[in-house]
Amino acid sequence: MASTWQKGQMKENKETRSVNTNTGTHDLGSSAVHQWMFARPWLARLGCLSLAAGLLWSQSAQAFSFLPLGEGTLPSGQIVSMFQVTFDPGESFPWHFHTGPLWGVIVSGTLTEDEGCATALNTYAAGSAFSEIPGGVHQVFNNGTVPVVINFTAIVPPCYGNYNNTILVEGPRCEGHSGKSHLENIPACVP
């Protein structure tokens, strides 16, 4: 089933059911938890160590970042969307395709792209540019040691405005052993 990624959320494309990827906190009844933990000092120490490790990890592992730069409407009604994406070392973005043509310029780092179907990986170093065709499935990685910063421009149908131009999929549908993948159909805008 195809999904749409947008600003930290994933929505299923057909039923538009939202799944918020940001988890909330749960109140476990603080008085009962405090009594239980303080009755077991070793558990309190373990909890403190886990908290410290989590805080250290969160400081060292920065999140994938998305910076909207602006959108405008063409006379045809299509949306021109400009944005910047940063991948920290070790980060990736899963299998997906775009709903319109997209162009990217690598500002820093080296981006690695996998188009699947046993094709060779593509690498794009700082100062290079690339384009993507609508429906072309791929995934991207930062296998380097510095952040990969990419400036994007996309042209999409009006219903894919508001930076909603990426659809997640399970992977490419390969054409036998040819090394080619089928282009995904772009879901039509529903009035």
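What you see has two helices and 13 strands; helices are DSSP runs of H or I with at least four residues, strands are E runs of at least two, and both are numbered from the N terminus. This is a predicted model, where local features need pLDDT of at least 70 and side-chain atom pairs count only at pLDDT 80 or more, while totals for chains, interfaces and linings use all residues. Residues are numbered from 1 along each chain as its sequence is written, and side-chain values use heavy atoms, with hydrogens and water left out.

The chain has 191 residues, and 31% of them count as buried, meaning under 20% relative accessible area with a 1.4 Å probe and protein chains only; exposed is over 50%, and partly exposed lies in between. The accessible surface is about 11700 Å², with 60% of that belonging to carbon and sulfur atoms; areas come from the Shrake-Rupley method with a 1.4 Å probe, and for residues only the protein chains shown count as cover.

Now the sheet. Five strands make an open, antiparallel sheet in the order E4-E5-E12-E7-E10; two strands pair if DSSP finds at least two bridges between them. Strand E4 (65-73) and strand E10 (129-132) are at the edges with a single partner strand each, so one side of each has no neighbour in the sheet. From one strand to the next, the twist averages 20°, using axes fitted to C-alpha atoms and angles from 0 to 180 degrees between N-to-C directions.

Take E12, residues 148-156, which pairs with E5, residues 79-87, in the antiparallel sense over nine bridges. In that pairing Val-80 stands opposite Ile-155 of E12. Strand E7, residues 102-108, is joined to E12 by six bridges, also antiparallel, and Ser-108 has Val-149 in E12 as its bridge partner.

Which residues make the nonpolar surface patch of about 270 Å²? They are Leu-67, Leu-69 and Met-82. Patch residues have over 30% relative accessible area and no salt bridge, with nonpolar side chains joined within 5 Å; a salt bridge is a Lys or Arg side-chain nitrogen within 4 Å of an Asp or Glu carboxyl oxygen. Met-82 sits in strand E5 and is partly exposed, at 40% relative accessible area.

Notes:
Patch = residues over 30% accessible without salt bridge, like charges linked within 9 Å, V, L, I, M, F, W, Y side chains within 5 Å.
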